[in-house]
Amino acid sequence: MLLRSLEMQGFKSFPDKTELNFGKGITAVVGPNGSGKSNISDAVRWVLGETSTKSLRGSKMEDVIFGGTSKRKALGFAQVMLTLDNSDGTLKDHDEIVTVTRRYYRSGESEYKIDGESVRRKDIHELFMDTGLGSDGYSMVGQGKIDSIISAKNEDRRELFEEAAGISRFRHKRKDAERR
Ligand code: ATP
Ligand code: MG
């Protein structure tokens, strides 16, 4: 599975619709301090269902919405759409191109979509489970992540290995069943 493109609209420092296309190979984002590089990785984290405002470098969820500048008014919602190349079939029962979308309004209302169809956050979580890409997957390695893996408790480290081995959905299903 590969990232194809990322479209942000009203997300943090991107008030206008901004699309980034990722070619084959490595993509590097360069730019001066404060130009929005980390906001791009925040957008990927966020569209995958991140709920921790701390991981998104904010204090409340509203902080992901463009907050205005001296020249531009604040916006009412943030939207991010991530397009994935699934031609290797990592996401079973899905087409070669898969899109996930998240929208968040200042009112606190959230919307999630998979291939344009409204879904719950849980469905996004389940879609990426065992692929390593989810909001708690190991594909996004942030600053300090390696340190936290090394110093993690055994149970937490085990979760990482379970995700890599592709078996975390079984634990998830069992937990779900036990809760019912
Ligand atoms: P560095 O090289 O220092 O890591 P960076 O390129 O990663 O910088 P970011 O942290 O992505 O920069 O971007 C920070 C900028 O984004 C700041 O100027 C901040 O004001 C702006 N920003 C963050 N949230 C919002 C928001 N909700 N509305 C408008 N601007 C925002
Ligand atoms: Mg940065």
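Which residue in S4 is the bridge partner of Val80? It's Arg102, and that pair is a handy way into this predicted model. Residues are numbered from 1 along each chain as its sequence is written, while chains are lettered from A and ligands numbered from 1 in the order in which they are written. As this is a predicted model, local features need pLDDT of at least 70 and side-chain atom pairs count only at pLDDT 80 or more, whereas totals for chains, interfaces and linings use all residues.

Let's start with the sheet. Helices (H or I, at least four residues) and strands (E, at least two) are DSSP runs, numbered from the N terminus, and two strands pair if DSSP finds at least two bridges between them. In general, strands of a sheet pair through backbone hydrogen bonds, either parallel or antiparallel. Here, six strands make up an open sheet with antiparallel pairing, in the order S2-S1-S3-S4-S5-S6. S2 and strand S6 (117–119) sit at the edges, each pairing on one side only. From one strand to the next, the twist averages 20 degrees.

Walking across the sheet, S1 and strand S2 (residues 18–21) run antiparallel and are joined by four bridges, with Leu6 partnered by Leu20 in S2. S1 also pairs with S3, again in the antiparallel sense, over seven bridges; in this case Met8 has Val80 of S3 as its bridge partner. S3 and S4 are antiparallel too, with nine bridges between them. Besides the Val80 and Arg102 pair, Gln79 finds its bridge partner in S4 at Arg103. Next come S4 and S5, an antiparallel pair with five bridges, where Arg102 stands opposite Tyr112 in S5. The hairpin of S4 and S5 has four residues between the strands, and Gly108 takes a positive phi near 100 degrees there.

For the angles, axes are lines fitted to C-alpha atoms, for helices over the stretch in contact, and angles run from 0 to 180 degrees between N-to-C directions. Contact between two residues means that their C-beta atoms, placed from the backbone, lie within 7 Å. S3 and S4 are joined by nine bridges. H1 packs on the sheet and touches S1, S2, S3 and S4, its direction making about 80 degrees with that of S3. H2 packs on the sheet as well, touching S4, strand S5 (110–114) and S6, and its direction makes about 40 degrees with that of S5.

What about the inside? A residue is buried if 20 or more other C-beta atoms lie within 10 Å of its own, exposed if 12 or fewer, and partly exposed in between, with C-beta atoms placed from the backbone. A nonpolar core is a set of buried Ala, Val, Leu, Ile, Met, Phe, Trp, Tyr and Cys residues joined through C-beta atoms within 7 Å. The largest such core has 26 residues, and those touching the most other members are Phe11, Ala43, Val47, Val64, Ala78, Val80 and Leu82. At least two core residues each come from strand S1 (2–9), helix H1 (37–47), strand S3 (77–85), strand S4 (97–105) and helix H2 (121–128). S3 gives the largest share, five residues. Leaving aside neighbours within four places in sequence, Val64 is in contact with Phe11, Lys12, Trp46, Leu56, Gly58, Ala78 and Tyr104.

Asp42 belongs to helix H1 and counts as buried because 24 other C-beta atoms lie within 10 Å. With neighbours within four places in sequence set aside, Asp42 is in contact with Lys12, Leu56 and Arg57.

Arg57 itself is in the loop between H1 and S3. Although Arg57 is not a glycine, its phi is positive, about 60 degrees. Arg57 is partly exposed because it has 15 C-beta neighbours inside 10 Å. Asp130, in the loop between H2 and helix H3 (145–150), is another residue other than glycine with a positive phi, near 75 degrees. Since 19 other C-beta atoms lie within 10 Å, Asp130 is partly exposed.

Finally, there's the ligand. Ligand 1 is surrounded by 14 residues, the closest being Asn33, Lys37, Ser38, Asn39 and Gly67; a residue is near a molecule if its C-beta atom, placed from the backbone, lies within 6 Å of it. The shell has two nonpolar, nine polar and three charged residues, where Ala, Val, Leu, Ile, Met, Phe, Trp, Tyr, Cys and Pro count as nonpolar, Asp, Glu, Lys and Arg as charged, and the others, Gly among them, as polar.
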